[in-house]
Every structure is written in structure tokens, then in C-alpha cells.
Amino acid sequence: MEEWKPNPTVKPHKKRSWYLAWKYKLMNQRALRKLCQTGAVLFLLVTVIVNIKLILDTRRAAYEEEEESAQDYDDEMLNVEVPRHPVNNKKVLDVEVYSSRSKVYVAVDGTTVLEDEAREQGRGIHVIVLNQATGHVMAKRVFDTYSPHEDEAMVLFLNMVARGRILIFTIKDEGSFHLKDTAKSVLKSLGSQVAPFLSWRDMWTFVGKKGGEVYGEKHAKSPALSTWGDPVLLKTEVHLTSVEDAECHWPDTELNRRRKRFCSKVEGYGSVCSCKDPTPIEFNPDPLKDNKVFDVPVAVIAGNRPNYLYRMLRSLLSAQGVNPQMITVFIDGYYEEPMDVVELFGLSGIQHTPISIKNARVSQHYKASLTATFNLFPDAKFAVVLEEDLDISVDFFSFLSQSIHLLEEDESLYCISAWNDQGYEHTAEDPSLLYRVETMPGLGWVLRKSLYKDELEPKWPTPEKLWDWDMWMRMPEQRKGRECIIPDISRSYHFGIVGLNMNGYFHEAYFKKHKFNTVPNVQLKNVESLRKDAYETEIHRLLGEAEVLDHNKNPCEDSFVPDTEGKVYVMFIKMEQEADFTTWTQLAKCLHIWDLDVRGNHKGLWRLFRKKNHFLVVGVPASPYSSKKPSSVTPIYMEPPAKEEGAVAVPAVAAAEQT
Amino acid sequence: HVVRKFLGLISSHNIPVYLIDPLILGLVNKDIEQIRSSPDGPSPECKYFCAPRDFTTFALLDKTWKHEVGLFRTAEKMGFQWLKIINKDPRLDGMDDLSGMEIPLHYIFKLASHAIHLVVFYERSGNYLWHGPLRLKQHMDRKFVPFRKLHFGRYPGAYEKPELLHVSIDDLKVQIPKNPSSFLEEMSHSRFLECRYREARAFFQLYPDGASLDAVEFRIKAKSLLHLAALTLNNLGVKFWLSSGTCLGWYRQCNVIPHSKDVDLGIFIRDYKAEIIPTFQKAGLPLKHKFGKVEDSLELSFQGEEDVKLDIFFFYEEEDHIWNGGTQAKSGKKFKYFFPKFTLCWTEFVELKVHVPCETLQYVEANYGPDWKVPVKVWDWKSSPSNVQDNGVWPVDEWDNVIQIY
């Protein structure tokens, strides 16, 4: 990453200093004026309040006492919003766009709407979408087109933006290296003359209307490979259209009002805002017969990834048996756009002032969300916990409806989870099959209220402990030997690529090939056999019926499992004691399943599918099922690769924590 | 007339409201036997709904309806003017730093000179229903209806979940509380106090909560003891309130004070029942000591789980004050604790609907003095309280009765 090194040959920004001084001076004057205005308004407000208080006091003598005591809590009076931009009839926006190696900014009518001079981030093409009638910022994105595939994301985004919107582009540092022809021609079609010829370390700014006129473009060529083009500052004017012209003319229904509110505020959601044929925002999936989870609250834990949230809520609201009234979206932070998404779907949302940092912040957000959920639905015995980067299977609620009674009746259960850590395309087969596992997968799960209220909530890690909530929940002090029920084929799909502990590589390796159920109304098999004792009977039956595989072969090879279908096979691996996962980890690695920590085990037994056969792995001698091993069979031992391990393990474990 | 129209409106939207109008319920209550026995019987005249009044009050359980805007459009078409009063959701108020959407607390539908007051009830933790206060915001029409004549909304209120009865009165099908007289009784003592969450947060900023394992364990034990005590006393029909340290914990920090080591309740001596002791014992709480007697300074103490103890103080009402007594076991000395007169309000504490003195500040100040905001770990019940007075010594021949230690 050579280009990030500070380059001593580049001149400091002296050239711009006169401009900055002038700009800040202007801003100060403006600030002063604004201060005076605000002061005057406040004064007026206070007068009004005093007057109203007087009137109240005299007219509603009966209420006096309460007014006194309630006043502390009544900040309504101070909450009156003072419109920041008095409505004026100005039809022209002044737009300034700046592009340089280390800084970009965009100012609209003197207000900075983008400013990025952070080191080592924000590289690439910044795009801002403005509403053509109001001038409001509807979307802000940055595409690191120095890196591969980001240009595709940009094209996707630009295609989703409605015609008529104002688009503003500016490059920070480098934006051309992986800007392919498709992307260049899209930019060209927007009216850019420079885009097709953009090259290494060029600076570029462009303002235009999608499907319409060009308001300005500036470009500075990089003179040599090792240097950047000179900073460019584009100043231009944009003519606003009438609100009428900027909106679609959908029939006036409650749903379309929500749609209109949404579409006039944000951009980048594609067909939901299409004038001609907008995609529905109400789904009315089939109700479930005898739905046992209709009254179970659903908490959606979200951060500031509104596009993810949008996708997630669509799939959730399309799942059969969903009850939108029970859904609450908990947003970690005062972000507007996620809230806009929540309102688009007519759901309720709650914002949470962030406490602490990183993992501890997520952990505190979880706690607040869970507590609030049980406060809002005091009758509930359970809560479904979802995250914003999950797709929800069409039979998610059906799956829960058929299994939730187990969580109520079987005290040896910790949770029901929709996610099978080992359920990949090549290892999961049976949508009607459930397992008991000693791990807690998360990613769409059901929490018992009594577990939360009596055990977890009082002990929840405090903000100064920088713990992951899920790692904490998995600790033996919390789990106390209890197990979770999971499906063979997951009922959720983890699509998030950007996240606290997530990156593209990690997602590709561990999540992309995860199997996800798309069959509606799956009737679960043998739910009763998931109870504590019944499950042991079931396992013994399975092991009794299982054919022992040839232990002389290499378990990593495909040929280890015969080319059959629907049979049950068992293999025995070495597992000296309960915590010895040496061989398992190597096996998991070569089977290309989750190997970053141990998941999906039940008393030293793993259950998965290979070549459409049920494939059981028993750890000998630690597992109580070792007795099923024929004396002639020697458990397979697989050695971890020498050294190197340490170097790999550190980031791997850190990444594993999130899921 | 208006009520009929309104009922037509809400039934066309499938909204299950029930009648809580005290005036009408009062009238209905007189004929309750007859109404119950013939729920569909025609009534000859308009006996109940035609009683002269400005309002008719109905209740609506929030969770039983979707907030459809359609209702209000239809209402407008029918000629109703309506007003919606929204405010913060108290169920999130206690939560650090959460801000939810505001929730509707009251609706008023006006047609000509009559108005329907629709009170929205919410279920809250502690298995009870809550309705909010009616507070007008600045921009609202203060003359929309004569607000102060409304029967609900001066204070927030807490209610048990009512059993409902479908009846037909004056040829109108409505739901009413199954037992109108007990509902009306409940209504007269329904005032609810929200915990002072904001002050509690400020308190914790000043004195961060020791998250020691002991504190966590004690809170869990104290909560379950309080739940058990509340269940037992409620079953006996004995009214009680949070007293002493438990009351201070609620008022100051909306939580159990972890170093308090016991749970304290108050009961008016007029509500004393002899079954209290055996019932607690049956519930698994052995009597630890009993001081005083019903006529004077009665105080009971039960042993909860491990070292957590439940203290029940009995309060004696006088002309201008209320007091309770204390006894020192080894010396037979008596103490008297004075409180200004107080009434009881509902509140929510550790997921329980319980009583506290409405005049909590005076109560807490009487007990703990003006510095009640500062946590004190060393506390002597004989000398620390600012409202304690020596009250002589028990006669030695009574000791066997008034000083019982187990």
C-alpha cells in the first residue's frame, strides 16, 4: 500500500489557505448571525412558555400540583424545533466540490455535507445524491475504486438512483485503478466528459443531474506515476425543480405516503422508489396455522447499515407467520437512515445512545435491546433475536412454532437457533432435521425470558469490560451445560460483509457457502426426540444403525464416504478428553466447514451430511458414544500443521468472535 | 346518539374497547345482577347512556389493535373531530439512553356537544395495566373539550387486568368490567408514580454502581424475596408499601440498594391480619423475630433466602402524623419513628406493581434526613434516622410477648 505513505514532496496546502480563511470567516459571520437568530427565537420561546404557563396555571388550577411534579420530566417545552433553514423561495443551490490527494469536501449552499481528510481512509470516488427539489442529501457513498469490484458496486448504486437526482462525484487519493470500462461508460452516460479518460492519481469533480444536464466538471491530470494531480475545486450552481416534479405520483394510500416520505429522503434503494412499478412494502405472507410464536416479540438489532436493514426487513416481513406488530428494531446510535427504513415498513424503531466502544458497545446495545423488548412485551415468555445482516427463511416462524415448546419445557435447553455453524451447501441436507448442540450459534435465535431476567441481565458484562456478548453467553458460567436446538439447514443467512469483525475474505471463506432453507412449510421431523433423554435414545439408535467407515482411508478425501445416498455413516476420531479438539479441527479444515473454534458438538459427537449421507463423527475416548466403536477400529488422529499456526490463529479467533 | 355512533365506528374497525366511564358504571352497578343475568335483554328506556354528562369514557388495550389510520379517516367522515395525545413511552424511560417513538395515551373524539374519551392502556412489567397522564402540548387546542372535567388523565394510573363482560345496555352492546364496583374502587386509588429515572441516572454517575458479585447476588435475592412477599400479602388482601431502605432505593436509584441487606415493607396496623405470620411461614419464610404487639409498635421480621431478611413495620395513624415503632431486644428499649401523613400510590419496582407513599420525598426525608441522596454504609436504626425518638422501655413482664426471637 505504497500510496498511503505520506509524501514529503507534495506541497502543503498553502494555495488553499486564502480560500479557507475566507470561508471560515464567512462561516463565523454566519455562525454569529445564526447565534443571534437562535437567541431571539429562544427568547421568544421563553416568553411564550411563561405566558402559556400563566394561562395554564390560572385555567387549570386543578392540575397545578401535577404540573409541578411533572415539570422535571417535561422537556417538551424546550424541544420545539427551530427550523434551521427557513423556507425560502431560492431556486438555485451553490455547490462546491473539492478533490485532492488527502482531502475531499462538498459544500451545498455553504453547508459542508461531506468532509473527509482522515488519513488512510476514504480513498476512491465519493458520491453524493441530492434531492433536486429540496437540495437535501439523500445518499452519501464512497467506492474504493482503487480496489477490485468496488466499481461494480458503484454502477449498481448509480443504477438505483432515480432519474432527476443531482449527483456529485469527487475523488480522494486514487479512484481509477480498478475503474473498469463499464463503470466509465456509466459515468459518461451521466454526462461526464472526463470519466472515460480518468487515470492513475487524477483528481476529478463532477456535478450533474441523472438523465439531465451537467452542472460542472473539473479534472487535474497526474503528471507522473509518483505524483498526484493538483487539487481541483469546482464551484457551480444547480437549479432546483419544484417538489411536484421531484416526486412520483403514486395513488394516495397509507402505504404510498410512507413510501413517499422515504423516497424523498433517501436514495439507493432501487425499485421501492420507482415511479412506474414500485416494489411492494407490504408483503402479507400466508399466516401459519396454529402459530405458537405469533405473540413472541422480535428484536432486530441494528447499527448503521440501512441497506442491510432494508434487505433484512424485507425477508423478515415476507416470512410466513410474521407478526409485524411484535417487531422492534433497535438502532445503535442516532442514525436517521436506518430509522427511515424502519418507518418505511411501518415498524417501530428505537434508537440507542452508544455506550462504550467496539465490542462492548455492541454488548451494551444488546442488553438495552433485550431489556426493552421484555419491558415492551411484559407478557412474553420468549424473544426472537435477529441481526440486521441476516436473511430470514420463509419458514423461520414455522420452524420456531414447531419447536418452541421444547424451550419452554426442557430446562436443559439454552436456546433455539436458526443457524447451523456446520450447515454448508455440502454438509447440510435435511430441512426437517434438528440437532442438539453444546454451542450457542446466535444469528437468529430465541431467548427465554426467565433465562434473561433471572440469570443474564443481572450479570451482564458492564461497559468497561470489553467483552463480546455472545462469547460471554457461551462461557460455562452462563451456559451451565445447557444446549441449543438448531436445524440441519439454517433458517437464516448471514449476508453481512461489512461489520465489526467482518471482511470480504472472511465472509467468502466461512459464510457464503452456507446452506439456507427456501422451502416453505417444512414439517419438522421427530421434534419430541430433541428432549434431553429422548435425544440420547435417538443418538444410540442412529449409531446402532450407522455403518462404520473404512478408517484406513483419508477422511479428507471424497472417497472416504461411499457414493451412496440416504445412509448413515460413522467415523471415530481421537479426542483424549472433553476439550481435545485437535483432530476435529483438522478434519473441519479439510471438510471446509467452520474450524475457527469448535461448534456444533454434542457430547463429543458431530452430525453432518456428506454426499447426501448422514455422517457422524465420534471423539474417542472422550465421548460417551465411544462404546459404539468396534474394537478393531483405531480412531483417526490428524496432526495440526507444524508452526505457522500461531500466526494464523490470532486474526482467525478475533474474527470468529462476532458470529 | 354519539356513543352509538362511536361504537359503530370502532366495531367497524374491530377495535375492542370497554366502558370505564365512572358515571355510567355507577348506574350500571346498581342493576348489575339484572344486566348480568340477561345480557341481551332489551331495555325499555335509555337509562344509562342518556344520563347527562359531557363525556363518555372508554378504555382500549394497546396491544389489541393495530394503529390504523383508517379509523381516524372514517371518524372524520362520520363528523367526529378527534385529538390524539402522545408522549414518551414510560416502558423505555427507565432504560439508559433509549429513545423510542412516542406512544398514544389518550384520544378524544368530539361530535357536537358530546365527546368520547378513549384511554389507552399499556401492559407493563409486573403484570398490570398502565395509562398515561393527559398533558397538552403547546400547539394543542386547549378548548377542544373541558379537559379538567375528564375522569382519567390527571395522573397516570395503574390497574389490574380486568375481566370483561359483554352486555347490552340501552340496546347498545358494550364490554364492561365484570365487577364495576371493584373497578370503581380501584379507580379511586389508581394514581401511579413513575420512578425518577433521570435522577437515578445522575445518582449512579455520582456513585457508580458497585458491580461486585455480592451486589448482583443480593439484588437477585432481594428481588425474589420482594416478589414472594408481594404475592403472599396480595393473596391475603393486605395492602403494603415499600418502606425504609427499600423505599429509598426505589426513590433514589430505582433499584435495590445492594448494601442494605434486607427488604423493608410498611403496613397500616388497621390492615393487620393474624394470618400474616402463618402464611409467610407456609410460603417458606420462617419468622425471625416479632417485636411489639398489635396495639403498640408491632414489627415482624422473616428470614428469607440465606442472609436476606424481610422486615415488616406496622404503621399507626394519628391525627396529624403517622408512626411506627422499634424495639431493642437486649434492653427492651422502645423507639418511635415519626412520619408526616401520607397516601399511597402505585409504582413499578423490580418488575412488580407495588405501593409507595405518594409523598415520597417527605417520607424519605423524615426517615433519612436532608442528606438522603448520599449513600451511607454505616447505619444504626436506633440513632441514625432523623425521625427517631426514645419511647421508653417495655415493662419486663411483657417481654415474653413483645420480644420474640427465633
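Here we go through some ring pairs and charges over rings.

Mentor: Keep in mind that this is a predicted model. Over all chains, it holds 55 aromatic pairs.

Trainee: Take B:Phe80 and B:Phe109: what makes the pair edge-to-face?

Mentor: Their ring centres are 6.0 Å apart, and a pair needs centres within 6.5 Å. The planes sit at 85°, and over 60 counts as edge-to-face, so that's the label.

Trainee: Where do B:Phe80 and B:Phe109 sit in the chain?

Mentor: B:Phe80 is in the loop between α4 (70-77) and β3 (81-87) of chain B, while B:Phe109 is in strand β5 (residues 103-111) of chain B. They're 29 residues apart, so the pair links distant parts of the chain. Both B:Phe80 and B:Phe109 are buried, too. They also belong to a cluster linked by ring pairs, with B:Trp82 and B:Tyr107 among the other members.

Trainee: And why is the pair B:Tyr316 and B:Trp323 called stacked?

Mentor: The centres are 4.6 Å apart, within the 6.5 Å limit, and the planes are at 15°, under the 30 degrees for stacked, so stacked it is.

Trainee: How do you know that B:Tyr316 counts as buried?

Mentor: Its relative accessibility is 7%, and buried means under 20%, so B:Tyr316 qualifies. B:Trp323, at 6%, counts as buried by that cut-off.

Trainee: What about A:Arg259: which ring does its charged end sit over?

Mentor: That's the ring of A:Trp250, with the charged end 5.6 Å from the centre; the distance limit is 6 Å. In chain B, B:Lys261 lies over the face of B:Phe218, at 5.2 Å from the ring centre.

Note on methods. Residues are numbered from 1 along each chain as its sequence is written. Chains are lettered from A and ligands numbered from 1 in the order in which they are written. This is a predicted model: local features need pLDDT of at least 70, side-chain atom pairs count only at pLDDT 80 or more; totals for chains, interfaces and linings use all residues. Side-chain values use heavy atoms; hydrogens and water are left out. Helices (H or I, at least four residues) and strands (E, at least two) are DSSP runs, numbered from the N terminus. Buried means under 20% relative accessible area, exposed over 50%, partly exposed in between (1.4 Å probe, protein chains only). A charge sits over a ring if NZ of Lys or CZ of Arg is within 6 Å of the ring centre and within 35 degrees of the ring normal.
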